[in-house]
Every structure is written in structure tokens, then in C-alpha cells.
Amino acid sequence: MSIIFNKVKNNSNKFPSKIAIVDGDKTITYSALIKQAELIAHFLRKKVNFNNLRIAICINEGMQLPIIVLALNLIKATIIPINPGLHIKQIQHLLASVDANAIITDDQKKMDSNDFNPDIVKINLTDLLDLKFKNDDFEPYFSLLNIDSLKNYDQFLITLSSGSTGNPKPIIFSEENKLARFDQTVKSYQIDDHDVVLCASPFYHSLGQRLTFLPLLSGGTLCILKIFTAKNWITTVKKNKVTFAIPVSSHLHEVIDPLMEKPFQFPSLRCLVSSSAAINDEVKRKLFEEMPCEFHEMYGASEVGTATSLNNSQAKLKPKSVGFPNIDVYIKIVNDQMMDCNRNTIGQIIVKSPLASSGYYGLSEITSESFKSGYFLTGDIGYLDDDGFLFFVDRKKDIIISGGINIYPSDIEVVLNETFGVKESYVLGIYDSFLGEIPVAVIVSDAESKSLENLLRKNVRNNLSGYQRPIKYFFKDKVPLTSSGKIDKRVLRDELNSLKLNLSSKLLALYNSQGSN
Amino acid sequence: MNHLEKIDGICIKLSKLLAEYRLELSDDIGNFNYITEGNLDSFELLSFISDVEMEFDIQFTADDLIISHHHTINGLAGLILKKY
């Protein structure tokens, strides 16, 4: 069964003329959404003649994305969302890592490129969207296709969490898995068909997927915000009477002042949830104490979903905690030998959850290293207090979270190290009040720094996505080392943070002068 | 080299840089607005400003960038020339 499609179709039967998706000034009703998804599904089934459909979606955010996703679900294709901002070489690398056999794109350069494996079928998004105009009298005849005879549908969606240049980590989700996460969100925040859910995260991010499925499965309305600025967010919430949103923490930091300025100007907003990274204490206090709506902080990971939640009343008792484990979720703190730590002792956070992914596609060894006895090793450092509340302390894994996007320094360091003249390179995230963290590079080299920096910048422009490009380069003769002789990024990060660079101030100046941009 | 020639030279360098951001510029490069027409996301925009600073060995301030006149290639070139 294509359970997700059928659930949305049930909503279409109940509310055919209800707005399912709002995308700027465009809207689509449930009945039109289902009709177009069926049409596209039929077209794709004829165009891509594989028994095992594994289709990458590499298109810009917008209403078209959920339509395509429902179509792919109907034909039981494995859906592989890919960041359209990646370079073609990076995309080809990702396609190979997940054995994709087709790609849907809205970029003519990608359609024309010879860099893709010739066996991969390229599908132009425009061809799919044009279908509605050519088939106004289309009646769904999809039942003619023998969908149920297709493969066992245990890989509904694959999220590529890392490694656009290194080794990707493709996280496998079954339909049941995404539906279980939907159920958890519905129960945690009492979502129903009256809700208007704001999605300001990209679909290739697991949060974007959750916020897309949540309203469509519950019969509510999905409101898409393609480009985040505080002003856009505020305007969209007001105009569309948004009731529920899960902003990433950097977005929350940005909207907090306009929200607090006139909090009662948002009567529709009944629940806000913070995700992706810790929010600072002052923002958290304001949200819990001053917002006239429910606020929750959560902690989790793409591999296991939401693991803990902190609500208003719990926050009064444990303001610095990231919450109490959700129902059926088990959290332990372990030391380097994987032995359980005592309460209030810092160690690695490991999580056992019925919402966990089955692992990484094609990476059985990494899957078994990451999941031990049913627990996922988050790579985060924290502790549980005497009452079982979780406190997040730091990340153990070498990862930067910028604007809610996970950035893996090793992906960037590979490209920097290829540049002539570089002896060693280290990428780390320094604190930023808007994006949370911003990647910067520390280079060890004998070469003249200005000409080398020019070369490095050119190299990353040609080989890495926008979010992976270091914004600042530091040149050093040597870097701080740990007692075991490894680079001590923590010391380096503290040193660079002490410079208080506030790198995003220029970005905010550009946005603020543009009003609604 | 007179003022206009200098501005033209800077505009050419900027358009080459923007081409590396996968942007297709029209013939009217000078009036191209890299924010509203560029379709650059936050990361790309931040990276672009940082690349321009490196390329011309200058530093912008937030006050420089809040002025919308500086958001066209011509306007940005004028700002760069002032900073030289």
C-alpha cells in the first residue's frame, strides 16, 4: 500500500475544496493535489520502467515538492530528496551512493549535463507540472496499474545526512517509520485538521519532511515559506493564520524580538516548537515565560526522531534541560567504554526509540557502529539528572549546525586539502547570533596567505555548495593539539570565538534593507 | 584610467565572480540586483560578500550594505572603488 498517499486521499474525500497547500500567493486544494499527484504518478510509471524505482528529487522548494512526493509514494518509488544547490558532481556522487535510477530536476543545466551516469533517467519538472494543462479532463485511472505487485516497499524515503564529497550517510525511512513520527507529533502537540502548519525548512532536511507530511496527513493546511527572513516569517504567520510551527533554533533567535514586541498580534499561533540545536538561555526564557502560546523545546536526531520534549510547566522546574524522554523512548548516558554513567555524570547520549531508522543504505558496518543493542549513538554529550531530565552539553561528533543545516567539516577539508600549498586544513563552526554557527577554515601552510586564500575560495566555489563554503580563512603556523597529538578544535574554536566576529551582521544588513526579502 | 573605466573593470570582475555562483547575467550587468534577482540563498549571499571582500582586499561594514543602491553591480562597484 501507498499508505501516505491514501491517507491524504482520504482527506481529499473529506475536504475536497479545502486548501491543502499555500505557497506564497499560490494555493492548491486537496482534490486538485490528489488529481495532479495521480497524473504525475501515471506519467512517471510509464516513463521510468523499473521494478525498483529509486527517484531523486532535486528541485527548489515550493508547492511542487509535496505533489511530486505524493506521486512517488503512489507508485511506491523510493524518494531521495537532494539539495538542488549542490554541484552536479556532488549530486552524481550522491545518486551513486543510493543507487538512484532517475532524477527529477528543475534545472536545465542539470538536464543537459553529461556528468550524470547515462543510465540515470532525467526528468524535467516542467514536463510533470505541464501535465495538468494537457489533461484537464483527466480521470484517475491509476487502478489499472498493478501497483501492489511491485517490490516490497520498505524504503519509502532516504535522507542524505552527510558527505556530499566524502562518504554519504543515507538514512533509510520506511513509510511506517514516517507515519509513527507523524503520530508522535500529532499526540505531542494535538495537531488536527484545523491546523495551519508553517514549513520553513527544506524537504531534503528531515524537519522539512516532517512539517510537510504533518498537515497533509492530518487534513490541515501546509504553508510553505521558501526564503526565511524574520520579516517573511512574521508576515506569513499573520497572513495565513499559522497555528503551528517548528522553527530551527537560528530562525527562532531571529524572530524572537518581533514576536515579543507585540506577542498578542499572533492570535492564530497556538504552539511553537524549537528544534535542530540548543537555543540560548535568554531566548528560551522569553519563549517559555512571555509567549502567549504553547512552547516546547525538543531534542532528537534524524536517525531517531524526537527523543525528548520540554513543555512550559517542566521548563519552570528545569529551565536548562532539553526535556524528558518521550513515551517509549529510552535514553542512556555512556562513557567511552559504552558503560552506563551515573545520574548527573556527563557522557555520550544514546537513544532507543520505536521511531528509529533501520540504518544507513549500503553501509552495514557504519550502521552497526552507530546502532548498538538498539540504541543510536548520537555523538552528543550530556547528562541525565536525578529526575530523568536530559541536559545537552556539547557535540562529540565533528559537525557544524548552521541555520539548521548539518555541515560536516570533513567534506570541506577534503576539498581544501586538494588546493596546492595547503599542508593542513581544519574547518570549524564559530558562534553566530543569526545562523547559530558559521563555518570558517584554519589553514596551515608556508605559502603566501592572500594568493592561497584566493585559490582556496575559487576551489570551494567550484566544488562545494553555498552552505559548505568557509566564510573566513585563518592562516597559522601551527594549531593547538590534544595530549594524544590530535587537533584540538575546541581550543581553536574558543580562540576564534573570542574574536566576536559576528559574521552574519552583513547578511542581515542586506536583508533588512530589502524589506520583505 | 578614468572613474568610469575603473567601475567597468570592477563590474567585469564582479560578473565573473557571480558566474561562479551559477548566475546567468543579462546584458545589463550594471543594473543587476544580486539580492532580488540573484536567487542566492543566505549562505551564498554571505559567501559572495566575503569573496568580494577578499577579491578587492577591502572590508564592508553593515552600514555599507544596508543601502539598497549598493545591491546592484554598478552600486557595489562604486562602493568598492570608494574603499580602495
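With 11 C-beta neighbours inside 10 Å, Asp328(A) counts as exposed, where exposed means 12 or fewer other C-beta atoms within 10 Å of the residue's own, buried means 20 or more, and partly exposed lies in between, with C-beta atoms placed from the backbone. The model is predicted, so that local features need pLDDT of at least 70 and side-chain atom pairs count only at pLDDT 80 or more, whereas totals for chains, interfaces and linings use all residues. Residues are numbered from 1 along each chain as its sequence is written, while chains are lettered from A and ligands numbered from 1 in the order in which they are written.

## Exercise 1: backbone and exposure

Locate Asp328(A) and state its phi.

Step 1. Asp328(A) sits in the loop between strand S15 (324–325) and strand S16 (330–334) of chain A; helices (H or I, at least four residues) and strands (E, at least two) are DSSP runs numbered from the N terminus.

Step 2. Although Asp328(A) is not a glycine, its phi is positive, at about 70°.

Now place Asn502(A) and say how exposed it is.

Step 1. Asn502(A) belongs to the loop between helix H17 (489–497) and helix H18 (505–513) of chain A, and its phi, near 50°, is a positive value in a residue other than glycine.

Step 2. Asn502(A) counts as partly exposed because it has 15 C-beta neighbours inside 10 Å.

Finally, where is Phe264(A), and is it buried or exposed?

Step 1. The loop between helix H11 (249–261) and strand S12 (271–274) of chain A holds Phe264(A), which counts as exposed because it has 6 C-beta neighbours inside 10 Å.

Step 2. From C-alpha to C-alpha, Phe264(A) and Met291(A) are 8.5 Å apart in space, while they are 27 residues apart in sequence.

## Exercise 2: two helices of chain A

Describe how helix H1 (residues 3–14) and helix H2 (residues 30–47) of chain A are placed against each other.

Step 1. The axes of H1(A) and H2(A) come within 8 Å and cross at roughly 140°, where axes are lines fitted to C-alpha atoms, for helices over the stretch in contact, and angles run from 0 to 180 degrees between N-to-C directions.

Step 2. H1(A) and H2(A) are therefore oblique to each other, since angles under 35 degrees count as roughly parallel, over 145 as roughly antiparallel, 65 to 115 as roughly perpendicular and the rest as oblique.

Step 3. The contact is made by Phe5(A), Val8(A), Lys9(A), Asn11(A) and Ser12(A) of H1(A) together with Tyr30(A), Ser31(A), Leu33(A), Ile34(A) and Ala37(A) of H2(A); two residues are in contact if their C-beta atoms, placed from the backbone, lie within 7 Å.

## Exercise 3: the nine-stranded sheet

Give the strand order of the open sheet of nine strands in chain A, and follow its pairings through S1(A).

Step 1. The order is S2-S1-S10-S9-S11-S12-S13-S14-S15 (chain A), with mixed pairing; two strands pair if DSSP finds at least two bridges between them.

Step 2. S2 and S15 of chain A stand at the edges, each with a single partner strand, so one side of each has no neighbour in the sheet.

Step 3. Strand S1 (residues 19–23) runs antiparallel to strand S2 (residues 26–29) of chain A, joined by four bridges, and Val22(A) stands opposite Thr27(A) in S2(A).

Step 4. S1(A) and S2(A) form a hairpin with two residues between them, and Gly24(A) in the turn has a positive phi of about 65°.

Step 5. Three bridges join S1(A) to strand S10 (residues 221–224) of chain A in a parallel arrangement, with Cys223(A) in S10(A) as the bridge partner of Val22(A).

Step 6. Strand S9 (residues 196–199) and strand S11 (residues 244–245) of chain A run parallel and share two bridges; here Leu198(A) stands opposite Ala245(A) in S11(A).

Step 7. Helix H10 (residues 230–240) of chain A packs on the sheet and touches S1, S9 and S10 of chain A, its direction making about 160° with that of S9(A).
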